[in-house]
Amino acid sequence: MKKYNVGIIGATGMVGQRFLLLLNNHPWFNITTLAASSRSAGKRYGELMENRWLLDEPMPEQVKDMVILDAANIEEVASNVDFCFCAVNMPKDEIRALEEAYAKAECPIVSNNSAHRFTPDVPMVIPEINADHIKVIESQRKRLGTKRGFVAVKSNCSLQSYVPAIHPLKELGVNKVLACTYQAISGAGKTFETWPEMVDNLIPYIGGEEEKSEKEPLKIWGKVENGEIVNNNDIAITSQCLRVPVSDGHTAAVFMSFKDEVPAIDTIIKTWENYKGRAQELDLPSAPKQFLHYFTEPDQPQIKSSRTLEGGMAISVGRLREDTQYDLKFVCMSHNTLRGAAGGAVLLAELLCAEGYMD
């Protein structure tokens, strides 16, 4: 695999920082460009971020002397890279315009943002689940009038805690899901130091999160038809999303029913353990060897012991059992800024490279 020069748009935020760590010494990707708002442009990354670095791991040495470019100077940024990751904090309509402008400048964008998740010809991909959706990029390129440029996005971070576990069960007839998610504060770009109100606290509301949790899976499970992704409506999903005093890691309590015969618990566990997706078939650098890990202990999975499983890219599942209202229920967990955010975007970029979309 050739080396690709990559940029990070929105390099100063928490997800941008996570991108820097994940791309440091990446076997396929070489960071050449950092971009942010005009307020940060022209400053050296290390100096600007000295008191703004939010992660436990130290800032990579290679980026400290890099001068931040203005993300609005699209031609300048695009001229230095093969493609960019995007994790900006802006109004959605401005993000949509910015990402399409980069695409039209023939700079592919792999986005962590939600702005384009429901654009019909923009693939929203979990590589182990719907890798085939990237073929819609050809239709998007026709709409944008580009040869290389496009936008591809990853899904909402909380979906990664339960949609991967539901997905292999679709063939077994699951048709109704209730998912209650308990989401870490890093999902809001915060730490306990910057958000002391969350210590010993729980907030039963995260703006827009429940709508994303109920609608995004339908696109992920959809089909590409006539140059667009058409939603799948075979599974009805309802959700409740809470912010909890956890630094990293989203947990979900999931209840599910089946349209016909309820599968045996052993059958479901074996289905999870044997499941592999396109990311595993291609042996992508960031892909977990075992996508879904099932824990038999009654008090597992737990955030502290499981969130960094397989580099934070695996999904941890446990407590599968019968329910009195639904057919079955279980608990699952994923690392929200690794699998759920920057790591998921890096894995998507690896898929796009492996399948030839960055060439």
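A residue here is buried if its relative accessible area is under 20%, exposed if over 50%, and partly exposed in between (1.4 Å probe, protein chains only). This is a predicted model, where local features need pLDDT of at least 70, side-chain atom pairs count only at pLDDT 80 or more, and totals for chains, interfaces and linings use all residues. Residues are numbered from 1 along each chain as its sequence is written, and side-chain values use heavy atoms, with hydrogens and water left out.

Rings of Phe, Tyr and Trp (its six-membered ring) pair if their centres lie within 6.5 Å; planes under 30 degrees apart are stacked, over 60 edge-to-face, and the rest tilted. That rule gives 11 aromatic pairs.

Start by selecting Y4 and F29: they sit edge-to-face, 6.3 Å centre to centre, with 70° between the planes. Y4 belongs to strand β1 (residues 4-9) and F29 to strand β2 (residues 29-36), so this pair ties together parts 25 residues apart in sequence. (Strands are DSSP runs of E, at least two residues; helices are runs of H or I, at least four; both are numbered from the N terminus.) Y4 is buried at 1% relative accessible area, and F29 is buried too, at 2%.

Now jump to W272 and F330, another edge-to-face pair: 5.2 Å centre to centre, 65° between the planes. W272 is in helix α9 (residues 265-274) and F330 in strand β14 (residues 328-334), 58 residues apart. Both residues are buried.

Next, select Y4, F19, W28, F29, F83 and F85 together: ring pairs link them into a cluster.
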